[in-house]
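Biologist: I have the sequence and the coordinates open. Can you walk me through this one?

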Amino acid sequence: EIGYHGLHVTDAGRSDPLVSELFGRVFQLHHDTYEMPPDAVRLASSSRYPEQAFRLGRTTYAVQFHVEFCAEDLDRILPHERKDLEAEGIDVDHLLTEARRRDPEMRHAATSLIRGFSNL
């Protein structure tokens, strides 16, 4: 998953203090996934990768997606990865345009996630 992809928040995620406000599309930049540890609770998934976020116990979390990248960050990062991304069929210029358009919702997602974590 590279780019902005839909995130499905599970029933457990909708009541979770960290991911309950996440919705829509989030930025993804990965080629692999993980297996949840035993006793973990799945909080979010996507159509391609069922493991997008989990909680283990009350305060241990993991996420696969990236809410920490704002458009300004991607403007600095993605041009250095252009050759590899384009080899995978990714239109970097389109992705950067989409990043600027989605910047307000990504900032909201990051703020929501951080606020939830700090409230723990």
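Modeller: Start with Ser45, which touches Gly6, Leu7, His8, Pro50 and Gln52, leaving out residues up to four places away in sequence; contact means heavy atoms within 4.5 Å. This is a predicted model, where local features need pLDDT of at least 70, side-chain atom pairs count only at pLDDT 80 or more, and totals for chains, interfaces and linings use all residues. Residues are numbered from 1 along each chain as its sequence is written, and side-chain values use heavy atoms, with hydrogens and water left out.

Biologist: Which strand is Ser45 in? And does Ser45 count as buried or exposed?

Modeller: Ser45 sits in strand S4. Strands (E, at least two residues) and helices (H or I, at least four) are DSSP runs, numbered from the N terminus. Ser45 counts as buried because its relative accessibility is 13%; buried is under 20% relative accessible area, exposed is over 50%, and partly exposed lies in between, with a 1.4 Å probe and protein chains only.

Biologist: Which sheet has S4 in its order?

Modeller: An open sheet of four strands, ordered S2-S4-S5-S6 with antiparallel pairing. Two strands pair if DSSP finds at least two bridges between them.

Biologist: Which strands are at the edges?

Modeller: S2 (8–9) and S6, each of which pairs on one side only.

Biologist: How many bridges join S5 to S6?

Modeller: Four, between residues 53–56 of S5 and 60–63 of S6, and the two run antiparallel. Phe54 has Ala62 as its bridge partner in S6, and Arg55 has Tyr61. The two strands form a hairpin with three residues between them, and Gly57 in the turn has a positive phi of about 70°.

Biologist: What does the side chain of Arg55 make a polar contact with?

Modeller: The side chain of Asp16, at 2.5 Å. The Arg55 side chain also reaches the backbone oxygen of Gly57 at 3.2 Å. A polar contact is a pair of N or O atoms within 3.5 Å; within protein, one must be able to donate a hydrogen and the other to accept it, and residues adjacent in sequence count only if both atoms are side-chain atoms.

Biologist: And which residues does Arg55 touch?

Modeller: Not counting residues up to four places away in sequence, Asp16, Ala40, Val41, Leu43, Thr60 and Tyr61.

Biologist: Now the core. Which residues touch the most other members of the largest one?

Modeller: Leu22 and Leu74, out of 29 residues in the largest nonpolar core. Such a core is a set of buried Ala, Val, Leu, Ile, Met, Phe, Trp, Tyr and Cys residues joined through side-chain atoms within 4.5 Å. S1 (2–6), S3 (25–29), S4 (41–45), H2 (71–77) and H4 (92–119) each give two or more residues to this core. H4 gives the most, with eight.

Biologist: What does Leu74 touch?

Modeller: Tyr4, Phe27, Phe69, Pro79, Leu96 and Ala99, again without residues up to four places away in sequence. Tyr4, Phe27 and Phe69 are themselves linked into a cluster by ring pairs. A search of the whole structure finds three aromatic pairs. Rings of Phe, Tyr and Trp (its six-membered ring) pair if their centres lie within 6.5 Å; planes under 30 degrees apart count as stacked, over 60 as edge-to-face and the rest as tilted.

Biologist: Last one: what pattern does the chain follow?

Modeller: Along the sequence, β-β-α-β-β-β-β-α-α-α, with four helices and six strands.
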